[in-house]
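Work through the exercises below with the structure open. Each task is followed by its solution in steps.

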Amino acid sequence: MQGLTASSKLSLAVVFAVFLLGSAGAAHGLTRVVSSSSDEPCNKMTLYYHDILYNGVNNTRNATSAAATKPTALSTTHWKNGTYFGTLVVFNDPMTVGKALPVAGEEPAARAQGFYFYDKQESYTSWFGFSIVFNSTAHKGTMNLVGADLMDDKTRDLSVVGGTGDFFMARGIATLRLDASEGTVYFRLQMDIKLYECYV
(Lines give C-alpha, C1' and ligand atoms only; values in the text may rest on other atoms or scores of the structure.)
Protein backbone atom coordinates (compact mmCIF):
# COMPACT_ATOMS: atom_id res chain seq x y z
CA MET A 1 0.00 0.00 0.00
CA GLN A 2 3.05 2.17 -0.16
CA GLY A 3 2.64 5.00 -2.65
CA LEU A 4 -1.16 5.19 -2.32
CA THR A 5 -2.77 8.45 -1.27
CA ALA A 6 -4.76 8.67 1.95
CA SER A 7 -8.04 8.83 0.01
CA SER A 8 -7.09 5.73 -2.01
CA LYS A 9 -6.32 3.83 1.18
CA LEU A 10 -9.68 4.89 2.62
CA SER A 11 -11.50 3.77 -0.54
CA LEU A 12 -9.81 0.37 -0.38
CA ALA A 13 -10.73 0.02 3.29
CA VAL A 14 -14.40 0.81 2.53
CA VAL A 15 -14.50 -1.71 -0.35
CA PHE A 16 -12.91 -4.35 1.89
CA ALA A 17 -15.43 -3.68 4.71
CA VAL A 18 -18.38 -3.98 2.30
CA PHE A 19 -16.90 -7.23 0.96
CA LEU A 20 -16.57 -8.65 4.49
CA LEU A 21 -20.17 -7.75 5.38
CA GLY A 22 -21.46 -9.38 2.21
CA SER A 23 -19.31 -12.45 2.84
CA ALA A 24 -20.70 -12.85 6.37
CA GLY A 25 -24.20 -13.53 5.06
CA ALA A 26 -22.94 -15.82 2.32
CA ALA A 27 -20.90 -17.78 4.87
CA HIS A 28 -24.12 -18.52 6.73
CA GLY A 29 -25.89 -19.58 3.52
CA LEU A 30 -28.17 -16.53 3.58
CA THR A 31 -29.23 -13.97 1.01
CA ARG A 32 -29.29 -10.27 1.86
CA VAL A 33 -32.65 -8.52 1.34
CA VAL A 34 -32.79 -4.72 1.52
CA SER A 35 -36.13 -2.96 1.48
CA SER A 36 -36.54 -0.41 -1.31
CA SER A 37 -39.13 1.64 0.60
CA SER A 38 -39.75 2.68 4.21
CA ASP A 39 -43.36 1.56 3.64
CA GLU A 40 -42.32 -2.01 2.81
CA PRO A 41 -40.01 -3.53 5.44
CA CYS A 42 -38.60 -6.99 4.78
CA ASN A 43 -39.87 -8.10 8.22
CA LYS A 44 -42.12 -6.54 10.85
CA MET A 45 -43.68 -7.47 14.20
CA THR A 46 -45.28 -5.94 17.27
CA LEU A 47 -44.19 -6.96 20.76
CA TYR A 48 -45.03 -5.67 24.24
CA TYR A 49 -42.17 -4.98 26.63
CA HIS A 50 -43.06 -5.37 30.35
CA ASP A 51 -40.73 -3.78 32.93
CA ILE A 52 -41.34 -4.49 36.64
CA LEU A 53 -38.82 -2.47 38.64
CA TYR A 54 -37.69 -3.91 41.98
CA ASN A 55 -39.12 -1.57 44.63
CA GLY A 56 -36.91 -2.78 47.47
CA VAL A 57 -39.89 -3.90 49.55
CA ASN A 58 -42.38 -6.50 48.39
CA ASN A 59 -41.98 -7.38 44.71
CA THR A 60 -38.77 -9.45 44.80
CA ARG A 61 -40.49 -12.45 43.23
CA ASN A 62 -42.02 -10.54 40.29
CA ALA A 63 -39.35 -7.91 39.61
CA THR A 64 -37.67 -8.12 36.20
CA SER A 65 -35.41 -5.06 36.57
CA ALA A 66 -33.41 -3.35 39.28
CA ALA A 67 -31.40 -0.17 39.74
CA ALA A 68 -27.73 -1.15 39.60
CA THR A 69 -26.39 2.17 40.88
CA LYS A 70 -26.92 4.26 43.97
CA PRO A 71 -27.71 7.94 43.43
CA THR A 72 -24.67 10.20 43.37
CA ALA A 73 -24.70 13.64 44.95
CA LEU A 74 -25.52 15.15 41.55
CA SER A 75 -28.33 12.71 40.77
CA THR A 76 -29.80 13.15 44.26
CA THR A 77 -30.10 16.85 43.55
CA HIS A 78 -32.13 16.10 40.45
CA TRP A 79 -33.93 13.06 41.88
CA LYS A 80 -36.37 15.44 43.54
CA ASN A 81 -37.73 16.60 40.18
CA GLY A 82 -38.10 13.02 38.95
CA THR A 83 -35.39 12.75 36.31
CA TYR A 84 -33.38 10.00 38.10
CA PHE A 85 -30.26 11.40 36.40
CA GLY A 86 -27.36 8.94 36.59
CA THR A 87 -29.40 5.89 37.59
CA LEU A 88 -28.58 2.68 35.71
CA VAL A 89 -31.25 -0.05 35.52
CA VAL A 90 -30.46 -3.61 34.43
CA PHE A 91 -33.33 -5.74 33.12
CA ASN A 92 -34.42 -9.18 31.95
CA ASP A 93 -37.96 -8.27 30.91
CA PRO A 94 -40.59 -10.50 29.29
CA MET A 95 -41.83 -9.53 25.83
CA THR A 96 -45.22 -10.74 24.67
CA VAL A 97 -47.24 -10.74 21.45
CA GLY A 98 -50.35 -9.54 23.32
CA LYS A 99 -50.64 -7.00 26.13
CA ALA A 100 -50.99 -9.50 29.00
CA LEU A 101 -48.04 -10.68 31.05
CA PRO A 102 -47.38 -14.43 30.75
CA VAL A 103 -49.20 -16.50 33.36
CA ALA A 104 -47.23 -18.80 35.67
CA GLY A 105 -45.47 -21.52 33.69
CA GLU A 106 -46.02 -19.78 30.34
CA GLU A 107 -42.98 -18.66 28.39
CA PRO A 108 -42.97 -15.14 26.88
CA ALA A 109 -42.39 -14.68 23.13
CA ALA A 110 -38.95 -13.26 23.95
CA ARG A 111 -36.96 -11.57 26.70
CA ALA A 112 -35.41 -8.11 26.58
CA GLN A 113 -32.01 -8.28 28.28
CA GLY A 114 -29.84 -5.23 28.84
CA PHE A 115 -29.88 -1.86 30.54
CA TYR A 116 -31.14 1.69 30.43
CA PHE A 117 -29.81 4.74 32.21
CA TYR A 118 -31.32 8.13 32.87
CA ASP A 119 -29.11 10.55 30.98
CA LYS A 120 -30.55 14.03 31.29
CA GLN A 121 -30.88 16.40 34.24
CA GLU A 122 -33.56 18.68 32.83
CA SER A 123 -36.13 16.14 31.65
CA TYR A 124 -37.12 12.50 31.99
CA THR A 125 -35.14 10.64 29.31
CA SER A 126 -33.05 7.50 29.16
CA TRP A 127 -30.73 5.58 26.84
CA PHE A 128 -31.33 1.90 26.06
CA GLY A 129 -28.92 -0.85 25.03
CA PHE A 130 -30.38 -4.37 24.90
CA SER A 131 -30.97 -7.60 23.05
CA ILE A 132 -34.33 -9.20 22.41
CA VAL A 133 -33.65 -12.90 22.96
CA PHE A 134 -36.05 -15.19 21.09
CA ASN A 135 -36.40 -18.86 21.99
CA SER A 136 -39.82 -19.93 20.80
CA THR A 137 -41.38 -21.95 18.00
CA ALA A 138 -41.92 -18.71 16.05
CA HIS A 139 -38.37 -17.30 16.24
CA LYS A 140 -34.85 -18.21 17.36
CA GLY A 141 -31.94 -15.82 17.82
CA THR A 142 -31.43 -12.26 19.00
CA MET A 143 -32.13 -8.71 17.86
CA ASN A 144 -29.95 -5.87 19.18
CA LEU A 145 -31.38 -2.40 19.84
CA VAL A 146 -29.84 0.89 21.01
CA GLY A 147 -30.89 4.51 21.28
CA ALA A 148 -32.36 7.41 23.22
CA ASP A 149 -35.79 7.06 24.80
CA LEU A 150 -37.20 10.61 24.85
CA MET A 151 -40.04 9.83 27.22
CA ASP A 152 -41.92 13.10 26.71
CA ASP A 153 -42.51 12.16 23.06
CA LYS A 154 -45.60 10.09 22.26
CA THR A 155 -43.52 7.80 20.00
CA ARG A 156 -39.77 7.39 19.80
CA ASP A 157 -37.47 5.21 17.75
CA LEU A 158 -34.62 2.89 18.70
CA SER A 159 -32.19 1.54 16.11
CA VAL A 160 -32.06 -2.18 15.35
CA VAL A 161 -28.32 -2.63 14.81
CA GLY A 162 -27.89 -6.36 14.33
CA GLY A 163 -28.88 -9.80 15.43
CA THR A 164 -28.34 -13.53 15.22
CA GLY A 165 -30.33 -16.58 14.12
CA ASP A 166 -33.58 -15.58 12.39
CA PHE A 167 -32.44 -11.94 12.68
CA PHE A 168 -28.86 -12.38 11.46
CA MET A 169 -27.36 -8.90 10.83
CA ALA A 170 -30.83 -7.28 10.87
CA ARG A 171 -31.14 -3.49 10.52
CA GLY A 172 -34.22 -1.38 11.14
CA ILE A 173 -36.27 0.69 13.57
CA ALA A 174 -38.28 -0.14 16.69
CA THR A 175 -40.95 2.47 17.44
CA LEU A 176 -41.88 2.65 21.13
CA ARG A 177 -45.17 3.85 22.64
CA LEU A 178 -46.06 3.86 26.34
CA ASP A 179 -49.03 1.50 26.58
CA ALA A 180 -49.53 1.32 30.38
CA SER A 181 -47.82 2.30 33.62
CA GLU A 182 -48.27 1.96 37.37
CA GLY A 183 -46.23 4.68 39.07
CA THR A 184 -42.51 4.01 38.81
CA VAL A 185 -42.78 0.26 39.45
CA TYR A 186 -44.31 -1.03 36.17
CA PHE A 187 -44.55 0.09 32.58
CA ARG A 188 -45.53 -1.61 29.33
CA LEU A 189 -44.23 -0.41 25.98
CA GLN A 190 -45.72 -1.29 22.62
CA MET A 191 -42.79 -1.94 20.29
CA ASP A 192 -43.45 -1.88 16.53
CA ILE A 193 -40.37 -3.35 14.87
CA LYS A 194 -39.68 -2.85 11.15
CA LEU A 195 -36.60 -4.37 9.58
CA TYR A 196 -35.24 -2.90 6.35
CA GLU A 197 -32.21 -5.17 5.96
CA CYS A 198 -32.74 -8.90 6.43
CA TYR A 199 -30.91 -12.09 5.57
CA VAL A 200 -33.11 -14.99 4.51
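## Exercise 1: The fold

Task: State how many helices and strands the chain has, and give their order.

Solution. 
- Two helices and 10 strands make up the secondary structure of the chain.
- The model is predicted.
- Along the sequence, the elements run α-β-β-β-α-β-β-β-β-β-β-β.
- The chain has 200 residues, and 36% of them count as buried.
- Take contacts between residues at least 6 apart in sequence: 50% of these join residues at least 24 apart.
- The accessible surface is about 11600 Å². Carbon and sulfur atoms account for 58% of that surface.

## Exercise 2: The largest pocket

Task: Describe the volume and the lining of the largest pocket.

Solution. 
- The volume is about 530 Å³.
- The lining holds 28 residues. Nearest the centre lie Y116, Y118, Y124, T184 and F187.
- Next, sort the lining by class: 16 nonpolar, seven polar and five charged residues.
- Then assign strands. Strand 5 (110–118), strand 6 (125–135), strand 9 (171–182) and strand 10 (186–199) each supply at least two lining residues.
- Strand 10 contributes the most, with three residues.

## Exercise 3: The second largest pocket

Task: Give the volume of the second largest pocket and the make-up of its lining.

Solution. 
- The volume is about 190 Å³.
- Residues in the lining include I52, R61, P94, E106 and R111.
- By class, the lining has seven nonpolar, two polar and three charged residues.

## Exercise 4: Salt bridges

Solution. 
- Start with K99 and D179, whose side chains meet at 3.4 Å, N to O. This pair links distant parts of the chain: K99 sits in the loop between strand 4 (88–96) and strand 5, D179 in strand 9, 80 residues apart.
- K99 is partly exposed because its relative accessibility is 42%, between the 20% and 50% cut-offs. D179, at 24%, is also partly exposed.
- Now D149 and R156: their closest N and O atoms are 2.3 Å apart.
- Last, R177 and D192 form a salt bridge with closest N and O atoms 2.4 Å apart. R177 lies in strand 9 and D192 in strand 10, so the bridge ties together parts 15 residues apart in sequence.
- R177 is partly exposed at 30%, whereas D192 is buried at 16%.
- Salt bridges with shared partners join K99, D179 and R188 into one network.

Key
Residues numbered from 1 in each chain as written. Predicted model: local features only at pLDDT ≥ 70, side-chain atom pairs only at ≥ 80, totals over all residues. Heavy atoms only, no water. 1 Å grid on protein atoms, 1.4 Å probe; cavity = no way out; pocket = protein on both sides within 12 Å on 5 of 7 lines; lining within 4 Å. Points joined across faces, edges and corners; volume = space filled by probe spheres on them. Helix = DSSP H or I, 4+ residues; strand = E, 2+ residues; numbered from the N terminus. Nonpolar A, V, L, I, M, F, W, Y, C, P; charged D, E, K, R; others polar. Buried < 20%, exposed > 50% of the residue type's maximum accessible area, 1.4 Å probe, protein only. Contact = heavy atoms within 4.5 Å. Areas by Shrake-Rupley, 256 points an atom, 1.4 Å probe, with all protein chains shown as cover. Salt bridge = Lys/Arg side-chain N within 4 Å of Asp/Glu carboxyl O.
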